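Please consult the sequence and the structure together while reading.

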Amino acid sequence: MPCRLNVETETFAQIQRMGTFSDMTDQVSYFDIIIVGGGHAGAEAAWAASRLLGDRGSVAMITMDPAAIGRMSCNPAIGGLAKGQMVREIDALGGLMAHAIDAAGIQFRLLNRSKGPAVQSPRAQADKYRYAQAVQRLLTENCPNLKIISDIAEDILVDPLAHQDMPQWRTTGIALKSGRKLSCRCAILTTGTFLRGLMHTGETKTEGGRIGEQAAAGLSGALVKLGFELQRLKTGTPPRVARESVDFSSLEPQHGDIPPTPFSDLSGSAAAPLGPQFPGLPQVPCYITYTNPAVHDLIRANLHRAPMYSGQIQSRGPRYCPSIEDKVVRFADKTQHQIFLEPESLDTNEIYCNGISTSLPVDIQEQLVHSVAGLEKAVILRHGYAVEYDFSPTHQVGATLETHRADGLFFAGQLNGTSGYEEAAGQGLIAGINAALKIRGDKPFILRRDQAYIGVMIDDLITKTPTEPYRMFTSRAEYRLTLRSDNTDQRLTPAGAQIGLAEPARIQRLETKLAAMHRLTDELKACRVPGGGTALDLLRRPDMELVTLPALLGSDGPKLAALLADPSQHVLLEQIQIETRYAGYILREKHAAQRMVELEDKLISPKLNFQAIAELRTEARQALEKFRPRTVGQASRLEGITPADLMVLSLHLSGRPSRSHTST
């Protein structure tokens with residue numbers, strides 16, 4: 001069994017000491033906002049809502065186990081391709097996740113460093129116990145108006161609204177399994193994989209949202225009672241093995257970057273909420289091994305015992321993060337698949353076998369693991385499993401993540417059909433922000449596709465209902481050269497400041513950075529190249545590297561070399577080089593984005609009766625009624641909507657008559 005650091009018990013005791021924990025003896029029964037769930041979406045929602053309301057409001061988080069807040073259910077890592085940009089965006093707006101991973105990271109890497117800047121993404125390996133502890137510290141030490149309630153949400157309390165248009169209900173509270181009822185003005189459901197969660201390992205089925213934790217059944221019935229449609233999705237996790245039983249001698253080590261780069265713009269400064277030291281923990285390597293033909297033959301011979309292939313599991317799993325069974329079937333020509341052996345903590349012996357997620361029976365998992373190089377004598381601490389759970393098809397929410405059917409009810413995370421900590425956190429942040437703004441009476445906060453990967457994700461969700469767990473990729477963003485990880489502060493911190501979430505220190509840092517970039521750009525223009533031109537001109541060349549530039553500048557070379565020797569200046573010069581080299585492409589993206597913004601500015605009334613627009617085709621009316629787009633831009637991205645439909649809709653909104661045509 002793994003040797004565990006008792007951080008969860010220590011942190012729960014801290015929650016109690018901070019006065020954040022509320023039990024049945026606490027008679028408080030009203031909160032402005034109630035958040036159901038303490039995972040990555042719930043934590044981000046609680047952080048944003050409580051900090052935006054401050055002492056003018058109250059927030060509650062309902063969770064089965066306060067010690068599990070921020071727990072990493074699956075892989076012990078944050079970030080990755082496109083996901084890293086989302087974490088940086090969360091930070092730029094003033095969110096929580098980047099602070100937690102910077103405090104708990106044990107390896108930091110920039111992925112795709114050899115490729116273009118649009119697809120480079122930060123990723124960090126985490127000590128998963130310290131990560132959860134960091135999330136809990138952030139909530140308890142920085143959110144004094146937040147109460148954490150150990151209970152299970154069983155029902156959603158609503159009042160019917162008089163009219164029959166959307167929404168049909170007004171959210172008034174949450175009923176708990178203990179019998180207690182809490183009143184609220186807004187509720188945010190972040191239920192993860194717990195809604196009627198069912199875990200599979202071979203033929204064995206166990207009710208639960210993750211290993212050792214019970215499922216939540218009541219809320220599914222409550223949502224159906226209110227008229228919400230629910231469907232099922234599936235995700236999975238691989239085996240964990242004991243570190244001392246792995247033969248690392250023949251494996252390829254994978255080290256992190258030296259020096260590591262933090263996710264949060266505030267890390268390493270006195271303004272960092274968990275302290276200025278970065279990195280705060282020792283940095284360790286991961287190791288790479290591979291499956292082989294013997295492993296693949298074993299899997300093929302036992303597919304009839306795999307729940308995904310035996311018919312035991314009917315729901316769809318993540319296409320882009322498939323189980324090893326799926327990999328072997330779908331990529332039958334491949335003789336090997338990569339496995340990353342990732343430490344889960346500095347203080348336990350748990351190694352996460354990233355790349356062999358599986359729900360095969362225990363006896364087959366044992367053979368599978370022992371057939372892999374380096375794992376011949378591995379002791380399995382926890383076997384892999386799949387979990388099925390309820391999710392809400394996303395035509396039922398809008399861009400703020402508030403539901404169409406119930407006023408004041410928000411959905412975030414895997415409830416909306418996504419997969420991954422970062423996708424959940426991004427939604428939790430947006431839901432928390434908009435719930436707080438609704439309480440304050442302020443206008444909603446919506447990110448466009450050209451502003452953030454978070455905006456791309458939410459727009460994808462509300463215009464195309466997921467049929468499999470949604471995962472963010474750089475390829476989903478049409479403006480990815482603009483949506484880089486190095487410019488998230490410039491893109492989003494002003495917006496975070498406007499709503500009141502971005503800290504003053506963050507705003508000051510951005511102003512200082514912009515001034516420094518302006519000064520450095522002027523210095524590059526002033527550095528002359530013998531024979532003509534400037535250093536800035538040279539940086540536009542695709543074959544020019546910053547480190548080789550000083551040697552080409554003659555007498556101005558030493559000045560630039562000194563700037564490059566300063567790590568903080570080097571980072572800024574790299575961003576200037578990107579902006580300079582890709583200026584034409586970036587301008588093209590901005591022009592395209594502006595055309596999109598014009599469509600996004602054409603608002604559609606939430607009460608518009610699309611069925612009454614006779615000139616629209618039947619398919620178009622059905623799609624518009626189902627998804628209820630808030631803008632013409634969103635309508636243009638719906639499946640089943642043609643340019644002719646958009647013309648009819650635009651003419652109707654402008655009050656001009658359209659030529660009648662036969663509906664089909």
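His 40, Ala 43, Ala 46, Trp 47 and Arg 51 in α2 meet Tyr 131, Val 135, Leu 138, Leu 139 and Asn 142 in α5, where contact denotes heavy atoms within 4.5 Å. By class, this contact of α2 with α5 comprises 7 nonpolar, 2 polar and 1 charged residues; Ala, Val, Leu, Ile, Met, Phe, Trp, Tyr, Cys and Pro count as nonpolar, Asp, Glu, Lys and Arg as charged, and the others, Gly among them, as polar. The model is predicted: local features require pLDDT of at least 70 and side-chain atom pairs count only at pLDDT 80 or more, whereas totals for chains, interfaces and linings use all residues. Residues are numbered from 1 along each chain as its sequence is written, and side-chain values use heavy atoms, with hydrogens and water left out.

**Helix packing**

Two packed helices are described by the angle between their axes and the distance between the axes. Helices (H or I, at least four residues) and strands (E, at least two) are DSSP runs numbered from the N terminus. Axes are lines fitted to C-alpha atoms, for helices over the stretch in contact, and angles run from 0 to 180 degrees between N-to-C directions.

Helix α2 spans residues 40–53 and helix α5 residues 128–142; their axes come within 10 Å and cross at roughly 20°. That angle makes α2 roughly parallel to α5, a description that applies to angles under 35 degrees, with those over 145 counted as roughly antiparallel, 65 to 115 as roughly perpendicular and the rest as oblique. The crossing of α2 and α5 is left-handed, meaning that the near helix is turned anticlockwise from the far one by less than a right angle, while clockwise gives a right-handed crossing.

Helix α2 also packs with helix α11 (residues 421–440): the axes come within 7 Å and cross at roughly 30°. Helix α2 is therefore roughly parallel to α11. The crossing of α2 and α11 is right-handed. By class, the contact of α2 with α11 has 13 nonpolar, 3 polar and 2 charged residues. Among the residues that α2 brings to this contact are Ala 41, Ala 45, Ala 48 and Ala 49, and those of α11 include Gly 428, Gly 432 and Ala 436. His 40 of α2 takes part in the contact with α5 and in the contact with α11.

Helices α13 and α14 (residues 504–526 for α14) pack at an angle of about 145°, with their axes 10 Å apart. Their crossing is left-handed. From α13, Asp 489, Gln 490, Thr 493, Pro 494 and Ala 497 meet residues of α14 that include Arg 506, Arg 509, Lys 513 and Met 517. The residues of this contact divide into 6 nonpolar, 2 polar and 4 charged.

**Backbone geometry**

Most residues other than glycine have a negative phi, and most peptide bonds are trans.

| Peptide bond | Omega |
|---|---|
| Ile 258 to Pro 259, cis | near -5° |
| Phe 278 to Pro 279, cis | near -10° |

Pro 259 is placed in the loop between β15 (252–254) and β16 (286–290), and Pro 279 likewise lies in the loop between β15 and β16.

Arg 196 has a positive phi, near 50°, and sits in the loop between β10 (181–189) and β11 (198–201). Leu 401 has a positive phi near 75° and belongs to the loop between β20 (385–391) and β21 (406–407). Arg 196 counts as partly exposed at 43% relative accessibility, whereas Leu 401 is buried, with a relative accessible area of 0%. Buried means under 20% relative accessible area, exposed over 50% and partly exposed in between, for a 1.4 Å probe and protein chains only.

**Two buried residues**

Thr 482 is located in the loop between α12 (453–463) and α13 (488–499). At 16% relative accessibility, Thr 482 counts as buried. The side chain of Thr 482 makes a polar contact with the side chain of Glu 589 at 2.5 Å; such a contact is a pair of N or O atoms within 3.5 Å, and within protein one must be able to donate a hydrogen and the other to accept it, with residues adjacent in sequence counting only if both atoms are side-chain atoms. Not counting residues up to four places away in sequence, Thr 482 touches Asp 450, Asn 487, Arg 491, Ile 586 and Glu 589.

Ile 380 is found in strand β19 (residues 380–382) and counts as buried at 12% relative accessibility. Leaving aside neighbours within four places in sequence, Ile 380 contacts Pro 239, Arg 240, Val 241, Gln 365, Glu 366 and Val 369.
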